[in-house]
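Hi,

Here is the model I promised to pass along.

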Amino acid sequence: MDYFSRTRVKDIIYGNVREEDYRDITVLGWVRTKRVSSNIAFIELNDGSSLKNLQIVVLEPDKFPLDRISTGSSIKVKGYLEASPGAEQSVEMKAEEIIIVGEVTPDYPLQKKRHSFEFLREIAHLRPRTNTFGVVNRFRSKMAYAIHKYFQEQGFYYIHTPIITTSDAEGAGEMFRVTTLDLYNLPILEDGRINFKEDFFGQEAGLTVSGQLEAEVLACAIGDVYTFGPTFRAENSNTSRHASEFWMIEPEMAFCELEEMMDIIEDFLKYLFRYALENAEEEMQFFNQWIDKGRIKILEDIIDAEFGRITYTEAIEILEKADEKFEFPVKWGIDLQSEHERYLTEKYFKKPIMVTDYPKDIKAFYMRLNDDNKTVRAVDCLVPQVGEIVGGSQREERYDVLLARMKELGMDIENYQWFLDLRKYGSVPHAGFGLGFERILMYISGMSNIRDVIPFPRTPGNARF
RNA sequence: UCCCCGAUAGCUCAGUCGGUAGAGCAGAUGGCUGUUAACCAUCGAGUCGCAGGUUCGAGUCCUGCUCGGGGAGCCA
């Protein structure tokens with residue numbers, strides 16, 4: 001199939017092909033549209049390497065099998081490149097030979113005009129062939145690389161935490177169960193409960209809702225680490241910002257306290273925004289033009305701004321004084337609602353902010369208790385339009401304090417003994433945060449539904465493809 | 001899980017007061033000397049989401065269900 005001798009459309013469009021190589025070119029790709037008249041025909045060819053199509057010019061249409069080529073067909077074209085007289089492209093390809101690789105039946109659902117995202121979600125196996133989803137998938141790849149690049153450059157190690165787990169990271173969310181038990185013939189104990197000793201792992205197991213606890217183990221041994229992997233939440237939440245399967249980034253730093261971590265969060269986010277603008281220019285231009293006009297300006301402004309930093313208590317004071325009617329009344333001790341977060345970041349600060357030191361009762365057990373005995377060293381990073389984009393905390397490194405908190409919450413201490421051991425043997429201050437990969441993709445691109453930034457979205461009631 | 005909105009041709013959508021289905025695009029056929037969502041002409045295309053109900057008559061009104069969207073909660 002001349003795989004290695006073919007030329008990518010991207011390289012032709014962006015001038016990476018030397019002019020002495022113009023004579024003999026082979027391209028492979030899918031037809032986006034075809035325009036035929038009696039003495040000339042044009043084919044727009046896309047090979048997935050770029051948003052841009054290559055215009056194939058066919059000078060004697062009768063001599064080519066154009067009847068069998070339509071939108072969606074895959075073809076191989078041999079010919080030569082030339083400067084194009086047309087206004088829409090600088091280079092085009094004159095076809096000398098066209099070989100049909102795969103024909104298309106007339107019921108091909110993708111057309112050259114715009115489709116709704118709702119419709120395209122129903123054909124997730126074909127939507128990557130559209131402009132938007134081609135851009136989104138290439139962008140996703142580039143940003144995944146950017147995340148690794150940032151942490152590797154900062155001296156972090158990439159670690160793999162288990163996907164099947166028996167610890168449920170308390171409060172992070174409902175777990176999907178993993179079992180090999182016969183659901184039609186369950187081993188029942190005398191008291192009516194299921195005997196999980198007979199299950200594959202000899203105990204209850206599920207898919208990970210967070211790699212944080214295991215990341216702490218690695219951080220307390222090899223220093224700064226990060227995870228970047230799939231995460232599963234069996235929550236029945238049906239919104240444009242939640243998926244049952246998503247990719248999460250969880251950095252964990254040893255010998256690190258909250259303030260240092262906040263510097264890292266701000267630096268990391270700005271790095272990603274800058275990376276997108278500089279290294280995904282084609283994608284960002286597309287988003288800026290078709291998805292959300294002004295997206296680029298928003299990112300540029302944030303890169304230049306210093307994130308606001310306030311405590312939860314200060315945030316409550318601001319909200320209490322706000323000249324704004326909230327559906328949920330503001331009072332110290334409540335969890336901040338979407339409307340509160342939006343007011344703070346969009347109206348009061350008008351930029352990303354980090355809110356710290358939340359009441360301990362609305363946060364997880366492992367967060368470090370402040371001296372006031374009421375608040376914990378947690379941080380949420382809030383950005384305009386999306387709301388919470390990062391959540392993290394300094395971890396409780398004092399054995400006695402952590403144990404007391406776990407007992408207070410009635411947790412099963414035995415299950416978490418390994419976690420407590422970290423505080424028993426050479427404990428160090430450490431901190432970490434979590435970032436939803438799809439959330440950051442949504443924020444940078446302006447795409448408004450999480451189902452459109454992951455190729456095969458998993459949501460309640462839907463796991464097709 | 002709760003609240004609101006929607007479902008009509010392959011796609012996007014119109015369908016008035018309840019009177020029996022319509023446009024653009026796509027597809028097929030023909031035409032056109034350089035097109036850019038090409039253009040022009042002709043043709044085919046429908047269990048109006050599903051199940052009931054009201055009515056002489058339902059795409060239209062009512063009830064239930066399914067699926068989709070937006071918002072809320074929960075969170076990343």
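**Cysteines, rings and the RNA**

The closest cysteine sulfur to that of C381 belongs to C256, and at 15 Å it is too far for a bond. C256 in turn has its closest cysteine sulfur in C220, 12 Å away, also too far for a bond. The structure holds 0 disulfides, a disulfide being a pair of cysteine sulfur atoms within 2.5 Å. C381 is buried at 1% relative accessibility, and C256 is buried too, at 4%. (Buried is under 20% relative accessible area, exposed over 50%, partly exposed in between, with a 1.4 Å probe and protein chains only.)

Some housekeeping: this is a predicted model, so local features need pLDDT of at least 70 and side-chain atom pairs pLDDT 80 or more, while totals for chains, interfaces and linings use all residues. Residues are numbered from 1 along each chain as its sequence is written, chains are lettered from A and ligands numbered from 1 in the order written, and side-chain values use heavy atoms, with hydrogens and water left out.

On to the aromatics. There are 24 aromatic pairs, meaning Phe, Tyr or Trp rings (the six-membered one for Trp) with centres within 6.5 Å; planes under 30 degrees apart are stacked, over 60 edge-to-face, the rest tilted. One of them is Y150 with Y271, a tilted pair at 5.0 Å centre to centre and 55 degrees between the planes. Y150 sits in helix α3 (residues 131–153) and Y271 in helix α5 (residues 258–279), so the pair ties together parts 121 residues apart in sequence. (Helices are DSSP runs of H or I, at least four residues; strands are E runs of at least two, and both are numbered from the N terminus.) Y150 is buried at 3%, and Y271 at 16%. Both belong to a cluster linked by ring pairs, together with F151, F156, Y158, Y226, F268, Y275 and F433.

Sugar and phosphate make up 46% of the RNA strand B atoms that come within 4 Å of the protein. A phosphate oxygen of RNA strand B is 2.9 Å from a side-chain N or O atom of S338; for N449 the corresponding distance is 3.2 Å, and for S240 it is 3.3 Å. Elements giving two or more residues to this surface include β1 (25–36), α2 (117–122) and α9 (338–348).

Technical notes:
Near = heavy atom within 4 Å. Polar contact = N/O pair within 3.5 Å; in protein donor to acceptor, adjacent residues only side chain to side chain.
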